[in-house]
Amino acid sequence: METSNEKPTTESVLPVYSRGQLALRNGQDRDEIWVAYEGLIYDVSRSRLWKRGNHYEHWAGQDLTRELNHDAPHNANVFDKFTVIGRLG
C-alpha cells in the first residue's frame, strides 16, 4: 500500500461556499463582506474601501475574477492583506 507524505494544502482544508452563500456576504444583508477571486473567497470586511459593500464599480458578494483581470488598476497582490476564508464551489 502506497502512502503519500504530502501534507494537505491550506486550500484543500478551506470550507467551500456556493455563489449563493457568497452573495449573502455583500455588505448589505450581513456584516460580513466577502469577494471571490481566482476561486478563493476573501473577507474584506475590515477594509474601509469596502464598507458599503462596493469598491468603485465592483460589488461585494460575487466573483470578481473576470472584472479584476480585465480592468483593475492593481494586480492580484491587493488580496494579500485579506484573510482567505474559503473556496468558491
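Which residues lie nearest the centre of the largest pocket?

## The largest pocket

In this predicted model, the residues nearest the centre of the largest pocket are Val 44, Ser 47, Trp 50, Lys 81 and Phe 82, which belong to a lining of 17 residues. The volume of this pocket is about 300 Å³, and its lining divides by class into eight nonpolar, six polar and three charged residues.

## Nonpolar cores

The largest nonpolar core comprises 14 residues, and the most contacts inside it are made by Val 35, Tyr 42, Val 44, Trp 50, Leu 68 and Phe 79. At least two residues of this core come from each of two strands, S2 (34-37) and S3 (40-43). Apart from this core lies another, made up of seven residues, including Tyr 17, Trp 34, Ile 41 and Leu 88.

When neighbours within four places in sequence are left aside, Phe 79 is in contact with Val 35, Tyr 37, Tyr 42 and Leu 68. Val 44 and Trp 50 are named both among the residues with the most contacts inside the largest core and among those nearest the centre of the largest pocket.

## Asn 26 in its loop

Asn 26 is located in the loop that runs between helix H1 (19-23) and strand S2. Its relative accessibility is 17%, and because buried means under 20%, Asn 26 counts as buried.

The side chain of Asn 26 reaches the backbone oxygen of Ala 23 at 3.3 Å. Beyond its neighbours within four places in sequence, Asn 26 is in contact with Glu 32, Gly 53, Ala 60 and Gly 61.

Key:
Residues are numbered from 1 along each chain as its sequence is written. This is a predicted model: local features need pLDDT of at least 70, side-chain atom pairs count only at pLDDT 80 or more; totals for chains, interfaces and linings use all residues. Side-chain values use heavy atoms; hydrogens and water are left out. A nonpolar core is a set of buried Ala, Val, Leu, Ile, Met, Phe, Trp, Tyr and Cys residues joined through side-chain atoms within 4.5 Å. Buried means under 20% relative accessible area, exposed over 50%, partly exposed in between (1.4 Å probe, protein chains only). Helices (H or I, at least four residues) and strands (E, at least two) are DSSP runs, numbered from the N terminus. Contact means heavy atoms within 4.5 Å. On a 1 Å grid over the protein atoms alone, a cavity is a set of points where a 1.4 Å probe fits but cannot get out, and a pocket is an open set with protein on both sides within 12 Å along at least five of seven lines; lining residues have an atom within 4 Å of a point. Grid points are joined across faces, edges and corners, and a volume is the space filled by probe spheres set on the points. Ala, Val, Leu, Ile, Met, Phe, Trp, Tyr, Cys and Pro count as nonpolar, Asp, Glu, Lys and Arg as charged, and the others, Gly among them, as polar. A polar contact is a pair of N or O atoms within 3.5 Å; within protein, one must be able to donate a hydrogen and the other to accept it, and residues adjacent in sequence count only if both atoms are side-chain atoms.
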